[in-house]
Amino acid sequence: MKQAPAQVRHASPKDTPEIIRIVNAAFAVESFLDGTRTDDQRMAGYLQTGEFLVAEKDGEIVASIYIELHGERGYFGMLAVDPSRKGQGLGRVMIEAAENHCRSKGCKFMDIAVLSLRPELPPLYRKFGYVESGTDEFRPSRPLKPGYECHVIKMSKSL
């Protein structure tokens, strides 16, 4: 029997606790950073500069993605899939939803930023058409643990 597809929608303020839970669970692999990936205070900041899309399956939020619009350039970050739902194509669903949203707002390019300490991510995003477009200094929202060095790898794609 085929699974029902996830329904993607714009997040509302009431979704914040679930987004925080999913983001922190998905980003727990970043053991090189102290603390959690996000919290109420950081989420409030994100919601002042952008918005979140969420995917629901069976009445629960199973994935989220953050989006910002900058003229002809869109940006997505914090792609998070509930770890218990990995391998169901939800990452692809969220990336496509973010790209479609930005395209509908007039964006011609999509940008992302990945950390150099996550070497598995650039090859993953290359599969979606993203290419490296430069590097930047890493300005963490939570402290980098001693002994680690990190920079940002910028990737872009034409929409």
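**Strands, helices and charged pairs**

Trainee: Is Asp58 buried or exposed?
Mentor: Buried means under 20% relative accessible area, exposed over 50%, and partly exposed in between (1.4 Å probe, protein chains only). Asp58 has a relative accessible area of 68%, so the answer is exposed.

Trainee: What kind of model is this?
Mentor: Residues are numbered from 1 along each chain as its sequence is written, and side-chain values use heavy atoms, with hydrogens and water left out. Local features need pLDDT of at least 70, side-chain atom pairs count only at pLDDT 80 or more, and totals for chains, interfaces and linings use all residues, because the model is predicted.

Trainee: With which residue does Arg85 form a salt bridge?
Mentor: A salt bridge is a side-chain nitrogen of Lys or Arg within 4 Å of a carboxyl oxygen of Asp or Glu. Arg85 counts as buried, at 13% relative accessibility. The closest N and O atoms are 4.0 Å apart, and the partner is Asp58.

Trainee: How many residues apart are Arg85 and Asp58?
Mentor: Helices (H or I, at least four residues) and strands (E, at least two) are DSSP runs, numbered from the N terminus. Arg85 is in the loop between strand 4 and helix 3 (90–104), and Asp58 in the loop between strand 2 and strand 3. The pair links distant parts of the chain, and the separation is 27.

Trainee: In what order do the seven strands form the open sheet?
Mentor: Two strands pair if DSSP finds at least two bridges between them. The pairing here is mixed, and the order is 1-2-3-4-5-7-6.

Trainee: At about what angle does helix 1 run to strand 3?
Mentor: Axes are lines fitted to C-alpha atoms, for helices over the stretch in contact (heavy atoms within 4.5 Å). Angles run from 0 to 180 degrees between N-to-C directions. Helix 1 (residues 16–26) lies across strand 2 (51–57), strand 3 (60–70) and strand 4. To strand 3 the angle is about 90°.

Trainee: How far from Arg37 is the nearest side chain of opposite charge?
Mentor: Lys and Arg count as positive and Asp and Glu as negative; His and the chain ends are not counted. Arg37 is buried yet has no salt bridge. The nearest such side chain is Glu30, at 4.5 Å.

Trainee: With which side chain does Arg37 make a polar contact?
Mentor: A polar contact is a pair of N or O atoms within 3.5 Å. Within protein, one must be able to donate a hydrogen and the other to accept it, and residues adjacent in sequence count only if both atoms are side-chain atoms. At 3.1 Å, the partner is Tyr46.

Trainee: With which residue does Arg118 form a salt bridge?
Mentor: Arg118 counts as buried, at 12% relative accessibility. The closest N and O atoms of the pair are 3.1 Å apart, and the partner is Glu30.

Trainee: How many residues apart are Glu30 and Arg142?
Mentor: Glu30 forms a salt bridge with Arg142. Glu30 is in the loop between helix 1 and helix 2, and Arg142 in the loop between strand 6 and strand 7. The separation is 112.
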